[in-house]
Amino acid sequence: MIRRASYGEPARIGWLEWLPWAAALAVFFALPEYVPLGARILVYILFALSLDLILGYAGIITLGHTAFFGLGAYVAGILGAKLGVTDPLLQMAAAAAAAALLGVATGAVILRTRGLTLLMLTLAITAILLEIANKATALTGGADGLSGISVTPILGQFRFDMFGKTAYLYCLLVLFAGWWIVRRIIYSPFGASLVGIRENVVRMHAIGSPAYARLIAVYTISATIAGCAGALLTQTNQFVGLNVLSFEFAGELLVMLVLGGVGRIYGAFVGPLVYMIAQDQLAKQFPEYWYFGIGLLLVAVVLFARGGLLGIADRVVSKFRGERR
Amino acid sequence: MEAFLSSLVSVAFHGAAYGMILYVISVGLSVTMGLMGFVNLAHGVFAMAGGYILIAAMDRFGVSYPLGLALAFVLVAAGSVVLERLLYSRLYTAGELAQVLFTIGLIFIAVATARLLFGTLQLLVPLPDYLKGQFGLLGRDFPAFRVFLIAFSAVMVGILWYGVERTRWGAMVRAAVDNGPMAQSIGINTRRLFTITFALGSGLAGLGGALGAEILTVQPTYPFEHLVYFLIVVAVGGLGSLRGPFFAALLIGVTDTACKYWVPQFGAFFIYVATIAILLWRPAGLFGRQG
């Protein structure tokens, strides 16, 4: 039931897969005080989903995925605060386009390399963006962050209210669209070729699969989704800080994804959910122990539970059914 | 003209001191990555630990500066052996992603521990009097401590090069970097060799962190903040080489100092651009073997 999503599995959407959406709507109606936190979780789920696509499926190990998220966040923010483009969908489109452009431009250049070099290049690209955001204070607000971002009602109808209700539903809709796209990719032959590239790139070359072009394609798609997630964060918070481009944030995102489970579409759902709720409950009371805890958790996951929480659930389920692994 | 020349000398001098520190810290990372192919993002943790050990030893236990430096080296090296045996060694064959995640986890733990033990403020090393003041050379005055840094690091580098190029241990390390399985098959105990090399590299990082506490300020976020620079040194210099990271570190030290002096509005922008350009031109680094 909790299967690893991939090409070859039946692609019909099972009843279990509707569960997250039902739960999200239930939270909206039953727990209004958690709606603002919920919106943030939805944004991080979308971001983690985009990372899962390239890290979990295509096997591109990147430390610089925040570049696209941060670019999307700043594009939406600068449009809203400085250039007077206040329509949220227009901001989102511009953020997506900018992130896609950065994705295809950097992807075409760096995806020829592997290993440490690739890691280093992704880090350096993000570091350049951070440096620009830090120094171009007239545009980005620098270290103080970018505030005063105005966002007009969606389609001229739905105003962003102070309880975050509109923002929540808006995030949910965008996440649903992102999930649908990612899911379609994963169950397609294209998705299967990505897994092939991850597992053995030489063989993929041998069977005539254009590995480099496929990697650029998926990198660009993932960058676009990450850019949308960034724009979402800007629009729900109406603020952008430098930390969206920081290495710590990239690390936290990795923790979220790994916690849920890499290379399985719902790992990106479970991880951010658990992480953000735990952070909301614990981080304010014990900030020092919080970071200690997530570090310990990361080490433990790597050493003992490579599949994350969903991997553990898998094992429990198969044990329960008496299956042999 | 005179003023320009003077600032040129000053940039070269401070850049060299900075570069030397970067090299002492990063060289261990280069060798261990070349030897075992282990992506150790937590290398900066060892450097930070060195800085804290020196400061704590001097402030809380009244240890003298030279002894503090020695302690930083020995304790960090010893600690790294424990980590290597217990944790790192489980992940040698685990693939890059696991190694990256594991070492990021270590960074989080180290940052939190440093905050708990020492607070969030940056700490300063109480330098002994004989390292303060100015040092006259060729009619110019240089800060004595920086002169000491350059001289001391140069001696360390000399010892290291002699060790790797001229001793039996060094020959074994070079053999294992060039071809690990072959080295093992002719009877070199590569596991033990690696543990020793790892300890030495980490100890050097601790020493570098302690020495460079003035330049790379000691604070809990140290491993995050300076990680990019350590990695650049290794990636640009070339894995597994001694010479490559040396030139890369000096290049970065001088460029970074020059940028901060003349064009502070660009920050570290040029370093990153240069890194990308060099890595695209030579993906295995300046002195690495191009695969």
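In this predicted model, helix α7 (residues 165-186) of chain A comprises 22 residues. The distance from its first C-alpha to its last is 31 Å, close to the 32 Å expected at 1.5 Å a residue. The buried residues of α7(A) include Y168(A), C171(A), L172(A), L175(A), W179(A) and V182(A). Packing partners of the buried residues of α7(A) are α1 (15-30), α2 (35-57), α8 (189-199) and α10 (211-237) of chain A.

With residues up to four places away in sequence left out, C171(A) touches A39(A), L42(A), V43(A), L232(A) and T236(A).

Helix α2(A) is one of the elements against which the buried residues of α7(A) pack. Its 23 residues should span 33 Å at 1.5 Å a residue, and the 31 Å between the end C-alpha atoms of α2(A) agrees with this. Burial in α2(A) extends to 20 of its 23 residues, so the helix is mostly covered. Just after α2(A), G59(A) adopts a positive phi of about 70 degrees.

A positive phi also occurs at Q238(A), a residue other than glycine, with a value near 55 degrees. Q238(A) is placed in the loop between α10 and α11 of chain A. Q238(A) counts as partly exposed because it has 17 C-beta neighbours inside 10 Å, a count that falls between the limits of 12 or fewer for exposed and 20 or more for buried.

Y92(B) is found in the loop between α3 and α4 (96-118) of chain B, whereas F194(B) belongs to helix α8 (residues 190-211) of chain B. Y92(B) is exposed because 12 other C-beta atoms lie within 10 Å, while F194(B) is buried because it has 22 C-beta neighbours inside 10 Å. Leaving aside neighbours within four places in sequence, Y92(B) is in contact with M36(B) and F38(B), and F194(B) is in contact with L35(B) and M36(B). The table gives the separation of each residue from one other residue of chain B.

| Residue pair | Separation in sequence | C-alpha to C-alpha distance |
|---|---|---|
| Y92(B) and V39(B) | 53 residues | 9.5 Å |
| F194(B) and T120(B) | 74 residues | 34 Å |

Between the chains, 31 residues of chain A are in contact with 37 residues of chain B. On the side of chain A that touches chain B, the elements giving two or more residues are α5 (115-135), α11 (247-260) and α13 (287-304) of chain A. The most comes from α5(A), with 13 residues. By residue type, this side of chain A divides into 21 nonpolar, six polar and four charged residues.

Confidence values complete the account. The predictor assigns the complex an ipTM of 0.85 and a pTM of 0.88. Chain B has an average pLDDT of 88, and 99% of the residues score at least 70. Among the elements of chain B, the lowest mean pLDDT, 74, belongs to strand β1 (residues 134-137), and the highest, 93, to helix α3 (residues 65-86). Where pLDDT is low, the predicted coordinates should not be read in detail.

Technical notes. Residues numbered from 1 in each chain as written. Chains lettered and ligands numbered in written order. Predicted model: local features only at pLDDT ≥ 70, side-chain atom pairs only at ≥ 80, totals over all residues. Contact = placed C-beta atoms within 7 Å. Helix = DSSP H or I, 4+ residues; strand = E, 2+ residues; numbered from the N terminus. Nonpolar A, V, L, I, M, F, W, Y, C, P; charged D, E, K, R; others polar. pLDDT = per-residue confidence, 0-100. Expected span 1.5 Å × (residues − 1).
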